[in-house]
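Let's walk through this two-chain model together, one question at a time.

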Amino acid sequence: MATQIVMDQTGDTRHYFNPDDTEALSKAEERFKLLTTVGFTAAVRDTAGEPIVIRSFDPTAEETVFFPRLVGG
Amino acid sequence: MVMERLTSATRYLWHSLAEGARKVQALRERLRTIEDIQEARGLTLLREWLSVEQQAQFNASKCFDVVGCDSGRRYRIRHGTGTNVHEIDDAGRPVMGWCFVPSGHLVAGDVMLAQKIALETNERAALAVANRFPVQVPGRPHVPRRAY
């Protein structure tokens, strides 16, 4: 199972999907596009655990975290 | 007769008020529980993304250090949801505060994770939106914070 974790006011919302399921993968890609279009940043971890920001949907990513646009505090 | 009715009405009023207060208290406790759960979820996610060293530091002192990917400068992210990022020198002393947060009202764990990812993957962009603020170093005279 792959996961897309979207930070929000509840802590986060998690979307689980089977990457082998074409329809589920397509929905996950749509979600990725939608979130990044509205300003969310998507990040995954490499094999060493270091964060990497991704600009396009990675169907092999086990976990993708989305956080809202950064603003000056 | 009138006195009896008055007494009865007063008793009813007090009973209603007490019942209302109990309900408000129960709601407050429920809300606090929900907030605690949300905070805990944010911290769990943060811990999953911290390196081993950062986890150890966070467990010990509720803060962790990150290295900016562009400049190599070090930043200390403290537990919090704002004005919690300090650039530090080689001795670990704060030299400048950087205030940037993800938009919306996120829990502390989420805010700190977003700050960590931003500094480690796109430091320049994070600092471009950040507001700087002076930090007080022990032994150095306090400089009043500039309003922005």
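Q: How many residues of chain A and of chain B take part in the contact?
A: This is a predicted model, in which local features need pLDDT of at least 70, side-chain atom pairs count only at pLDDT 80 or more, and totals for chains, interfaces and linings use all residues. Residues are numbered from 1 along each chain as its sequence is written, with chains lettered from A and ligands numbered from 1 in the order in which they are written. Counting residues as in contact if their C-beta atoms, placed from the backbone, lie within 7 Å, the contact takes 19 residues from chain A and 28 residues from chain B.

Q: Which strands of chain A each supply at least two residues of the side that touches chain B?
A: Strands here are DSSP runs of E, at least two residues, and helices are runs of H or I, at least four, numbered from the N terminus. The strands in question are β1 (2-8), β2 (11-17), β3 (41-45), β4 (51-54) and β6 (70-72).

Q: What is the bridge partner of L70(A) in β4(B)?
A: Strands pair if DSSP finds at least two bridges between them. β6(A) and strand β4 (residues 94-102) of chain B run antiparallel, joined by three bridges. Within β4(B), L70(A) is partnered by P102(B).

Q: Is A60(B) buried or exposed?
A: A60(B) sits in helix α2 (residues 52-61) of chain B. Buried needs 20 or more other C-beta atoms (placed from the backbone) within 10 Å of a residue's own, exposed 12 or fewer, and partly exposed lies in between. Because A60(B) has 9 other C-beta atoms within 10 Å, A60(B) is exposed.

How values were computed
Contact = placed C-beta atoms within 7 Å.
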